[in-house]
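Good morning, colleagues. Please bring the model up on the screen, and I shall take you through its pockets, one of its strands and some of its aromatic rings.

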Amino acid sequence: MTQAKPQFSFEEYLSYDDGTDDRYQLVDGELVRLPPESEPNDYIANYLFLIFANAGISPRLIRPHTCEIQVPVLKPGDAQNRYPDLVVLQDVHLQLTQRRLTITLDMPPPVLVVEAVSPGSASRKRDFVAKRDQYCQRGILEYWVIDPEEQSVLVLKLVDDQYVEIGTFRGRDRILSHQFPSISLTPDQFFAAIE
C-alpha cells in the first residue's frame, strides 16, 4: 500500500521544520528538496555579491542563495517559491524578514533577482521561461539570467507589467542595469574564472 504524500498550503510550508538545513520548493502542494548549488553558480553569486558591495550597496541587502521568494503559480507544476542565485532586497525587507528570509506575496518585491543557468535543457527552460514569467508577475524590477553555456548575461527590466530586454551581454560588453547604473561589470570578469 502506497502512502500519500502530505499536501501543504504555503502557510503550512512556512511553518514546516524537519530539523535539517534542507531547502524545499513547494510544487502542487508537495515539498521538493533542492540539491546543493553547483560550484560555478555559487562562485558567480559570490562574485556578484562582492561587485555590488564594492559599488556601495549594503551587504545586508545582497543575498546570494539564501533568500526565498514566494511567486505566483502560473501553470500546474510551477513552484510556489524560488531561491534565486542572488537577490538584492529593498531596505523595508530587513524589517519584514526578521523571522525568516522569505519575501512573501504581501511584501514589496526585491529590486533585482539573478539566476545562473545550470546545465541541461530543463534548467534552461525553467530560468528563461518559467522563472521569467513568475518574476515578472511578482513585479521584480530587474531580472538577470547568467548563461555559462553561452557565456552571456540577459538583462530584463519591468516596464508596464512586462519584461523588456535591456540587452544580452557577452565578453567585454559592460552589463547595463537600470536599477544599478553605477555597476561596472562584464561577463568576462566572472566567466574567465570558471572555464
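Strand S1 (24–27), strand S8 (112–116) and helix H4 (121–138) each contribute at least two residues to the lining of the largest pocket. Helices (H or I, at least four residues) and strands (E, at least two) are DSSP runs, numbered from the N terminus. This is a predicted model, in which local features need pLDDT of at least 70 and side-chain atom pairs count only at pLDDT 80 or more, while totals for chains, interfaces and linings use all residues. Residues are numbered from 1 along each chain as its sequence is written, and side-chain values use heavy atoms, with hydrogens and water left out.

A pocket here is an open set of points on a 1 Å grid over the protein atoms alone, where a 1.4 Å probe fits and protein lies on both sides within 12 Å along at least five of seven lines; lining residues have an atom within 4 Å of a point. The largest pocket holds about 530 Å³ of space, the volume being that filled by probe spheres set on the points. Which element gives the most to its lining? That is H4, with eight residues. In total 27 residues line this pocket, and Gln25, Leu34, Arg82, Arg126 and Lys131 lie nearest its centre. By class, the lining has 10 nonpolar, six polar and 11 charged residues; Ala, Val, Leu, Ile, Met, Phe, Trp, Tyr, Cys and Pro count as nonpolar, Asp, Glu, Lys and Arg as charged, and the others, Gly among them, as polar.

The second largest pocket holds about 230 Å³. Its lining includes Tyr13, Asp17, Arg23, Tyr24, Tyr83 and Arg100, and divides into four nonpolar, one polar and six charged residues. Two of these residues also meet directly: Arg23 lies over the face of Tyr83, 4.6 Å from the ring centre (CZ of Arg within 6 Å of the centre and within 35 degrees of the ring normal; NZ is used for Lys).

I return to S1. In a regular strand, side chains alternate between the two faces of the sheet. Tyr24 and Leu26 on one side of S1, and Gln25 and Val27 on the other, are all buried (under 20% relative accessible area, with exposed over 50% and partly exposed in between, for a 1.4 Å probe and protein chains only). S1 runs antiparallel to strand S2 (residues 30–33), joined by four bridges; pairing requires at least two DSSP bridges. Leu26 stands opposite Leu31 in S2. Two residues separate the strands of this hairpin, and Asp28 in the turn has a positive phi of about 50°.
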